[in-house]
Amino acid sequence: MALPAGTVTFLFSDVEGSTQLARQLRDRYADVLDEHVRVLRTAFGQHGGHEIDTQGDSCFFAFPRAKDAVLAAVSAQRVLCEHGWPDGAELRVRMGLHTGEAVITDDRYLGVAVHHAARVCSAGHGGQVLLSQSTAAVLEDDQLDGIELRELGNHQLKDFDRPERIFQLVVHGLRDEFPQLRAQYHLGRLIDHVHLRVRDLETSKRFYGAVLAALGRELSGEGEGHFSADELFASDDDEPTARLHLAFQARDRETVDAFYEAALAAGGRDNGAPGERPYHAGYYAAYVLDPDGNNVEAVHHGPALRTVESVVVTPEAD
C-alpha cells in the first residue's frame, strides 16, 4: 500500500529497560521481542497504521489521521499490559506521536518531522504515550471516549532549538503516573508573580486598570484589600512598595504610546516619553511613575523570537 502523504502522524515506540529484560529472559528474550512486535503490528494495523521500520525493540509507523494513531497506541498499550510475559517479566513500551509533513523517498519518510516524533518518544517512560503540540492541536475537535490529554509543560527535546509543549494520554484502566520526562523542563518564565503594596487601593486600581486597558489587558481579580492582573498582585496591607520597576509588554509601538497617554490621564507622572532606547535594536518604551512613585514601563521589543507565548497555571483540585 502507498504510504500516506501530506500531513501525517508518526508514531515511534521502543521497549524501556531492554538490556535488563534481556538479562532476565536470556534465551526467551528474542521470542518476547517478536511477540511484542506482533502485538504492535496488529493494533497499529487495525487502525490504519503503515509500518515504516522495525529494528530490535523499536518500531516506526505512520498514520493518515492523528485520532487513529492515538487509538492504535491505546489499543497496543492495553494488550501489552494484559499480556502474560514469561518469568514474571514486565515489558513496558513507551510511545511518541508527532504530526507533520515529511518527504517520501523509496518507501521511506525523510524530514525533521520524523526526528521530532522519535525525540518525543525518547522523552517518555515505559507504558507512557506522549504527544507533541501539533498532534494535540489536531485532536482538539475529535471525541476520544475514555481518553484525556494531560499537558506536561514545555520540554527541550534533543537537537531542537525551541522547547516543545508535550502532552500525555490518560487512559482509563492504564497507568497514568510517571516520573519527570527525560527532557529538560521549561516553565516558560522566571518570575512567578510580583507583589506590589500600595498606599491607596482604589487610586492604584484605577491607575493600573487604565494602563492595562491601553495594553489590551484587564484586571483578572479583585477583592477586599487587593487586586491582581496575571502575575501582578497588589494589596494595601503594609508599607507601600518603594522604587519598584515594572515593565509591561506591548504588542507594538502604538500600544506603547497609548499606554503612556492613559497612564498620565489616570494620575501617573511622566518619567520618560515614548521613544527608542539603547538597550537593544528596536527597543521602544515609555515610562511613568504610578501613584506610589514606582517606575512603570511599557516596552515593545520590535521583531523578536519568543520562547513561549504565555504560561497558564491551573491548580489541581484537592
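Visitor: Which side chain meets Asp237 in a salt bridge?

Guide: Arg197 does, with an N to O distance of 3.1 Å. Keep in mind that this is a predicted model.

Visitor: How many salt bridges does the count come to?

Guide: The count comes to 18. One of them joins the side chains of Arg28 and Asp87, 3.7 Å from N to O.

Visitor: What does the Arg28 and Asp87 pair tie together?

Guide: Arg28 lies in the loop between helix H1 (18-25) and helix H2 (29-46), and Asp87 lies in the loop between helix H3 (66-82) and strand E4 (93-101), so the pair ties together parts that are 59 residues apart in sequence. Arg28 itself counts as partly exposed, with 42% relative accessibility.

Visitor: What's the N to O distance for Asp230 and Arg217?

Guide: That salt bridge comes out at 2.0 Å. Asp230 is in the loop between strand E13 (226-229) and E14, and Arg217 is in the loop between helix H6 (201-214) and strand E12 (221-223), so parts 13 residues apart in sequence are tied together. Asp230 is partly exposed, at 49% relative accessible area, and Arg217 also counts as partly exposed, at 48%.

Visitor: Which residues are linked in a network of salt bridges?

Guide: Glu16, Glu90, Arg92 and Arg182 are linked that way.

Visitor: How far is the sulfur of Cys81 from the closest cysteine sulfur?

Guide: It's 18 Å, again to Cys121, and too far for a bond. Cys81 is exposed, with a relative accessible area of 55%.

Visitor: OK, Gln77 in helix H3. Buried or exposed?

Guide: Gln77 is buried, with a relative accessible area of 6%.

Visitor: What does Gln77 touch?

Guide: Leaving aside residues up to four places away in sequence, Gln77 touches Val93, Met95, Gly127, Gln128, Val129 and Leu174.

Visitor: On to the sheet. In what order do the four strands of the open sheet come?

Guide: The order is E15-E18-E17-E16, with mixed pairing. E15 and strand E16 (269-276) are the edge strands, each pairing on one side only. From one strand to the next, the twist averages 15°.

Visitor: How do E15 and E18 pair, parallel or antiparallel?

Guide: E15 and strand E18 (residues 295-300) pair in the parallel sense, over five bridges. Within that region, Leu246 stands opposite Val296 in E18.

Visitor: Which strands does H6 touch where it packs on the sheet?

Guide: H6 touches E15, strand E17 (284-289) and E18, and its direction makes about 30° with that of E15. Helix H7 (residues 253-265) packs on the sheet too, touching E15, E16, E17 and E18, with its direction at about 10° to that of E17.

Visitor: Last stop, H1. Which residues of H1 are buried?

Guide: Ser18, Leu21 and Leu25. Looking down the axis of H1, those buried residues fall within an arc of 55°, so they line one face of the helix.

Visitor: What do the buried residues of H1 pack against?

Guide: They pack against strand E1 (7-15) and H2. On the other side of H1, Gln20 and Arg23 are exposed.

Visitor: And what follows H1?

Guide: Arg26 does, and its phi is positive, near 50°.

Methods:
Residues numbered from 1 in each chain as written. Predicted model: local features only at pLDDT ≥ 70, side-chain atom pairs only at ≥ 80, totals over all residues. Heavy atoms only, no water. Salt bridge = Lys/Arg side-chain N within 4 Å of Asp/Glu carboxyl O. Helix = DSSP H or I, 4+ residues; strand = E, 2+ residues; numbered from the N terminus. Buried < 20%, exposed > 50% of the residue type's maximum accessible area, 1.4 Å probe, protein only. Disulfide = S-S within 2.5 Å. Contact = heavy atoms within 4.5 Å. Pairing = 2+ DSSP bridges. Axes fitted to C-alpha atoms, helices over the stretch in contact; angles between N-to-C directions. Arc of directions from axis to C-beta.
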